[in-house]
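The following report covers a protein chain shown by sequence and coordinates.

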Amino acid sequence: MRTFALLGVVGIAAVAAFAGPAGAASGGGCQLQGSASFSPGLGAANQAFTYSFAGALSGCQSTVAVAPTSGTVESGKTVTRSYTDPTTGATHTVTYQEPVSTGSGGCSNSTTSGTGIVTWSDGTVTVLSYSTTGAAAAVSLSGSVAPSVTLNALDAQPGDPTTITISTTRYAGYSSQGALAFQPPDPTACTAPAGVTDAGISGFVGLGSSS
């Protein structure tokens, strides 16, 4: 029997109804609403860029029993962990960098790849390795759930862990596909010198399993 679960992930794409993987017996979707930041800004000319993303997932439907109906997703952001100095007993915070997503292109066309970290409302986690490709605002997203992702410390003190690992605890072995909408606050920014440095992202994405 083919089961089907849904999650949202970062991408640059157009709003479209979710179409599940070939042969999917059933399906559903998560609504995704978030924002992305690009460096350098996306413009008329093709160029390499990096970006980060954070968004909220809501209205998720799934054929998996007791699956969460909401969550959050992010890519290229930072997370913090608190540690206690064994000598002084003082507590300090260390910042860890999520892998920064990368791309090539501009406002009229782009290809990107990255790692999205989904934290569901029940505390479970899905790490998704994904890529997007498309033209203008319409980009197709595809990917697969990764076992884990390693984050590097930006400001570790002596004795602190220099890396941490975030592991998938929900939807291991699944694959994904979907479509989203790239919504710059000012479309004319594509032709401005700075380009589009921030944009809203919204739409639907799904994830399915053959088992």
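In the hairpin of E5 and E6, six residues lie between the strands, and glycine 89 among the residues of this hairpin has a positive phi near 80°. Strands, like helices, are DSSP runs numbered from the N terminus (H or I over at least four residues for helices, E over at least two for strands). This is a predicted model, in which local features need pLDDT of at least 70, side-chain atom pairs count only at pLDDT 80 or more, and totals for chains, interfaces and linings use all residues. Residues are numbered from 1 along each chain as its sequence is written, and side-chain values use heavy atoms, with hydrogens and water left out.

E5 and strand E6 (residues 91–97) are paired antiparallel through seven bridges; two strands count as paired if DSSP finds at least two bridges between them.

Of its 211 residues, 45% count as buried, where buried means under 20% relative accessible area, exposed over 50% and partly exposed in between (1.4 Å probe, protein chains only). The accessible surface is about 9,400 Å², and carbon and sulfur atoms hold 54% of that area. These areas come from the Shrake-Rupley method with a 1.4 Å probe; for residues, only the protein chains shown count as cover. Among contacts with a separation of 6 or more, 62% are between residues 24 or more positions apart, a contact being heavy atoms within 4.5 Å.

| Residue | Location | Relative accessible area |
|---|---|---|
| Serine 52 | strand E3 (residues 47–58) | 15% |
| Phenylalanine 53 | strand E3 | 0% |
| Cysteine 190 | loop between strand E13 (175–183) and strand E14 (196–209) | 15% |

Serine 52 counts as buried. Not counting residues up to four places away in sequence, serine 52 touches Ser35, Ala36, Ser37, Ser75, Gly76 and Lys77.

Is phenylalanine 53 buried or exposed? Phenylalanine 53 is buried, because its relative accessible area is 0%. Its C-alpha atom is separated by 7.1 Å from that of lysine 77, 24 residues apart along the chain.

Cysteine 190 is buried as well. With neighbours within four places in sequence left aside, cysteine 190 contacts Leu42, Gly43, Ala44, Cys107 and Val196. The C-alpha atoms of cysteine 190 and leucine 42 are separated by 6.4 Å, although the two residues are 148 residues apart along the chain.
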